[in-house]
Amino acid sequence: MELYIVRHGQTDWNANGLLQGRSDTRLNQNGIDAAKNLGEQLRGVHFDKIFCSPLQRAFQTACLVRDGLESQSEIPIIKDERLIEISFGEGEGKHYTEWMNESSPYRYFFSAPEKYPVPPGGESFESVCERTKNFIQTEIEADFQKNSRVMIVAHGALNKGIMCYIQNHGIKDYWLGDLQKNCGASIFDYDGKIWTHCKN
(Lines give C-alpha, C1' and ligand atoms only; values in the text may rest on other atoms or scores of the structure.)
Protein backbone atom coordinates (compact mmCIF):
# COMPACT_ATOMS: atom_id res chain seq x y z
CA MET A 1 0.00 0.00 0.00
CA GLU A 2 1.22 3.49 -0.86
CA LEU A 3 0.64 6.46 1.41
CA TYR A 4 0.89 10.02 0.09
CA ILE A 5 1.38 12.60 2.85
CA VAL A 6 0.61 16.10 1.51
CA ARG A 7 0.94 19.51 3.11
CA HIS A 8 -1.83 22.03 2.37
CA GLY A 9 -1.37 24.86 -0.12
CA GLN A 10 -0.17 28.33 0.76
CA THR A 11 -2.28 30.79 2.76
CA ASP A 12 -1.73 34.50 3.32
CA TRP A 13 -0.52 33.62 6.81
CA ASN A 14 2.13 31.33 5.28
CA ALA A 15 3.17 34.07 2.89
CA ASN A 16 3.46 36.60 5.72
CA GLY A 17 5.32 34.31 8.14
CA LEU A 18 2.53 34.08 10.71
CA LEU A 19 2.01 31.07 12.98
CA GLN A 20 -1.27 29.38 12.02
CA GLY A 21 -1.67 26.26 14.14
CA ARG A 22 -5.39 25.77 14.77
CA SER A 23 -6.33 29.15 13.23
CA ASP A 24 -8.71 28.30 10.39
CA THR A 25 -7.22 30.15 7.44
CA ARG A 26 -8.02 29.62 3.77
CA LEU A 27 -5.81 29.14 0.73
CA ASN A 28 -4.62 32.17 -1.20
CA GLN A 29 -4.43 32.16 -5.00
CA ASN A 30 -0.92 30.66 -4.95
CA GLY A 31 -2.22 27.87 -2.73
CA ILE A 32 -5.19 27.22 -4.98
CA ASP A 33 -3.00 27.10 -8.09
CA ALA A 34 -0.46 24.77 -6.44
CA ALA A 35 -3.19 22.38 -5.26
CA LYS A 36 -4.67 22.27 -8.76
CA ASN A 37 -1.21 21.64 -10.18
CA LEU A 38 -0.60 18.75 -7.78
CA GLY A 39 -3.91 17.21 -8.82
CA GLU A 40 -2.85 17.48 -12.46
CA GLN A 41 0.51 15.87 -11.68
CA LEU A 42 -1.32 12.95 -10.06
CA ARG A 43 -3.87 12.60 -12.87
CA GLY A 44 -4.46 8.92 -13.50
CA VAL A 45 -3.07 7.82 -10.11
CA HIS A 46 -5.83 5.94 -8.30
CA PHE A 47 -6.57 6.66 -4.63
CA ASP A 48 -8.95 4.62 -2.51
CA LYS A 49 -9.37 7.27 0.19
CA ILE A 50 -8.30 10.79 1.02
CA PHE A 51 -8.05 11.80 4.67
CA CYS A 52 -7.61 15.41 5.70
CA SER A 53 -7.43 17.80 8.61
CA PRO A 54 -10.75 19.48 9.42
CA LEU A 55 -9.20 22.94 8.90
CA GLN A 56 -10.28 24.76 5.73
CA ARG A 57 -6.83 25.07 4.16
CA ALA A 58 -6.34 21.30 4.24
CA PHE A 59 -9.88 20.45 3.09
CA GLN A 60 -9.65 22.97 0.24
CA THR A 61 -6.36 21.43 -0.86
CA ALA A 62 -7.78 17.91 -0.71
CA CYS A 63 -10.79 18.91 -2.82
CA LEU A 64 -8.69 20.71 -5.44
CA VAL A 65 -6.25 17.79 -5.71
CA ARG A 66 -9.12 15.33 -6.07
CA ASP A 67 -10.67 17.51 -8.79
CA GLY A 68 -7.48 17.06 -10.81
CA LEU A 69 -7.52 13.27 -10.58
CA GLU A 70 -8.96 11.68 -13.68
CA SER A 71 -12.55 10.45 -13.17
CA GLN A 72 -12.14 10.05 -9.42
CA SER A 73 -14.69 12.53 -8.08
CA GLU A 74 -16.24 9.69 -6.04
CA ILE A 75 -13.18 9.29 -3.79
CA PRO A 76 -14.31 10.08 -0.25
CA ILE A 77 -12.55 12.92 1.57
CA ILE A 78 -12.66 12.06 5.25
CA LYS A 79 -12.01 14.77 7.83
CA ASP A 80 -10.34 13.51 11.01
CA GLU A 81 -9.70 15.61 14.13
CA ARG A 82 -6.47 13.68 14.77
CA LEU A 83 -5.01 15.37 11.67
CA ILE A 84 -5.48 18.95 12.90
CA GLU A 85 -2.34 21.06 13.17
CA ILE A 86 -0.34 21.49 16.37
CA SER A 87 -1.67 24.35 18.49
CA PHE A 88 0.65 27.28 19.17
CA GLY A 89 -1.73 28.57 21.84
CA GLU A 90 -1.04 32.24 22.56
CA GLY A 91 1.55 32.24 19.76
CA GLU A 92 -1.00 31.89 16.96
CA GLY A 93 -1.08 34.89 14.66
CA LYS A 94 2.37 36.08 15.72
CA HIS A 95 5.26 36.37 13.29
CA TYR A 96 7.63 33.44 13.62
CA THR A 97 10.67 35.72 14.02
CA GLU A 98 9.01 37.41 16.99
CA TRP A 99 7.87 34.19 18.61
CA MET A 100 11.07 32.22 18.00
CA ASN A 101 13.69 34.94 18.55
CA GLU A 102 16.93 34.13 20.38
CA SER A 103 15.57 35.17 23.79
CA SER A 104 12.29 33.29 23.44
CA PRO A 105 11.72 29.96 25.23
CA TYR A 106 10.02 28.82 22.02
CA ARG A 107 13.21 29.23 19.92
CA TYR A 108 13.71 25.46 20.13
CA PHE A 109 10.65 24.65 18.00
CA PHE A 110 12.75 23.81 14.94
CA SER A 111 16.31 23.64 16.27
CA ALA A 112 15.81 21.36 19.29
CA PRO A 113 12.18 20.19 19.47
CA GLU A 114 12.90 17.96 22.49
CA LYS A 115 13.50 21.20 24.47
CA TYR A 116 10.39 23.01 23.20
CA PRO A 117 8.11 24.12 26.07
CA VAL A 118 4.34 23.98 25.57
CA PRO A 119 2.98 27.54 25.30
CA PRO A 120 -0.16 28.52 27.25
CA GLY A 121 -3.10 26.98 25.41
CA GLY A 122 -0.75 25.09 23.08
CA GLU A 123 0.14 21.48 22.39
CA SER A 124 3.30 19.42 22.83
CA PHE A 125 5.13 17.44 20.17
CA GLU A 126 4.47 14.35 22.32
CA SER A 127 0.72 14.93 22.00
CA VAL A 128 0.95 15.32 18.21
CA CYS A 129 2.96 12.10 17.95
CA GLU A 130 0.47 10.22 20.12
CA ARG A 131 -2.60 11.16 18.09
CA THR A 132 -0.93 10.70 14.70
CA LYS A 133 0.34 7.26 15.74
CA ASN A 134 -3.21 6.34 16.77
CA PHE A 135 -4.55 7.58 13.43
CA ILE A 136 -2.02 5.63 11.35
CA GLN A 137 -2.51 2.43 13.33
CA THR A 138 -6.33 2.50 13.27
CA GLU A 139 -7.09 4.06 9.87
CA ILE A 140 -4.14 3.14 7.66
CA GLU A 141 -2.30 0.07 8.95
CA ALA A 142 -5.46 -1.74 10.06
CA ASP A 143 -6.95 -1.43 6.55
CA PHE A 144 -3.83 -1.70 4.41
CA GLN A 145 -5.03 -4.86 2.63
CA LYS A 146 -8.24 -3.09 1.55
CA ASN A 147 -6.51 -0.04 0.07
CA SER A 148 -3.80 0.17 -2.56
CA ARG A 149 -3.18 3.91 -2.23
CA VAL A 150 -4.27 6.50 0.35
CA MET A 151 -3.64 10.24 0.66
CA ILE A 152 -3.43 12.35 3.80
CA VAL A 153 -3.69 16.14 3.41
CA ALA A 154 -2.70 18.01 6.53
CA HIS A 155 -0.08 20.39 7.93
CA GLY A 156 3.65 20.97 8.26
CA ALA A 157 4.13 20.01 11.91
CA LEU A 158 1.34 17.43 11.90
CA ASN A 159 2.78 15.57 8.92
CA LYS A 160 6.15 15.37 10.66
CA GLY A 161 4.38 13.76 13.62
CA ILE A 162 3.11 11.06 11.28
CA MET A 163 6.62 10.57 9.94
CA CYS A 164 8.05 10.23 13.46
CA TYR A 165 5.97 7.08 13.76
CA ILE A 166 6.35 5.56 10.31
CA GLN A 167 10.09 6.35 10.15
CA ASN A 168 10.55 5.20 13.73
CA HIS A 169 12.44 8.15 15.20
CA GLY A 170 12.00 10.33 18.24
CA ILE A 171 11.13 13.97 18.84
CA LYS A 172 14.80 15.00 18.78
CA ASP A 173 14.72 14.19 15.04
CA TYR A 174 11.19 15.53 14.54
CA TRP A 175 12.18 17.70 11.55
CA LEU A 176 14.23 15.01 9.82
CA GLY A 177 14.23 15.83 6.12
CA ASP A 178 13.06 19.41 6.83
CA LEU A 179 9.62 20.98 6.68
CA GLN A 180 7.53 20.06 3.64
CA LYS A 181 6.83 22.87 1.21
CA ASN A 182 3.22 23.88 0.68
CA CYS A 183 1.61 21.20 -1.53
CA GLY A 184 4.68 19.04 -1.10
CA ALA A 185 4.05 15.28 -1.09
CA SER A 186 6.05 12.54 0.65
CA ILE A 187 5.36 8.96 -0.45
CA PHE A 188 5.73 5.85 1.70
CA ASP A 189 5.09 2.15 1.10
CA TYR A 190 3.71 -0.25 3.73
CA ASP A 191 3.91 -4.06 3.38
CA GLY A 192 1.97 -4.89 6.51
CA LYS A 193 5.02 -4.74 8.78
CA ILE A 194 7.54 -2.18 7.56
CA TRP A 195 7.22 1.39 6.25
CA THR A 196 9.59 2.39 3.45
CA HIS A 197 10.19 5.98 2.31
CA CYS A 198 9.85 6.06 -1.46
CA LYS A 199 10.28 9.74 -2.39
CA ASN A 200 9.38 13.36 -1.67
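Start with the lining of the second largest pocket: 7 of its residues are polar, 4 nonpolar and 3 charged. Keep in mind as you click that this is a predicted model. To get to the middle of that pocket, select Gly177, Asp178, Gln180, Ser186 and Asn200, the ones nearest its centre among 14 lining residues. Now colour α7 and β5 (185-190), the elements that each give two or more residues to this lining. The space in here comes to about 180 Å³.

Next, hop over to the largest pocket, with about 370 Å³ of space. Pick Arg7, Asn14, Leu18, Leu19 and Leu179; of the 23 lining residues, these are the closest to the centre. Then show α1 (12-15), α5 (108-111) and α7 (156-166), each of which supplies at least two residues of the lining.

Time for some rings. The whole structure holds 18 aromatic pairs. Zoom in on Phe109 and Phe110: their ring centres are 4.9 Å apart and their planes sit at 85°, so this pair is edge-to-face. Which of the two is buried and which partly exposed? Phe109 counts as buried, at 2% relative accessibility, while Phe110, at 41%, counts as partly exposed.

Last stop: select Lys79 and Phe59. Here Lys79 lies over the face of the Phe59 ring, 4.2 Å from the ring centre.

Notes: Residues numbered from 1 in each chain as written. Predicted model: local features only at pLDDT ≥ 70, side-chain atom pairs only at ≥ 80, totals over all residues. Heavy atoms only, no water. 1 Å grid on protein atoms, 1.4 Å probe; cavity = no way out; pocket = protein on both sides within 12 Å on 5 of 7 lines; lining within 4 Å. Points joined across faces, edges and corners; volume = space filled by probe spheres on them. Helix = DSSP H or I, 4+ residues; strand = E, 2+ residues; numbered from the N terminus. Nonpolar A, V, L, I, M, F, W, Y, C, P; charged D, E, K, R; others polar. Phe/Tyr/Trp six-rings, centres within 6.5 Å; stacked < 30°, edge-to-face > 60°. Buried < 20%, exposed > 50% of the residue type's maximum accessible area, 1.4 Å probe, protein only. Lys NZ or Arg CZ within 6 Å of the ring centre and 35° of its normal.
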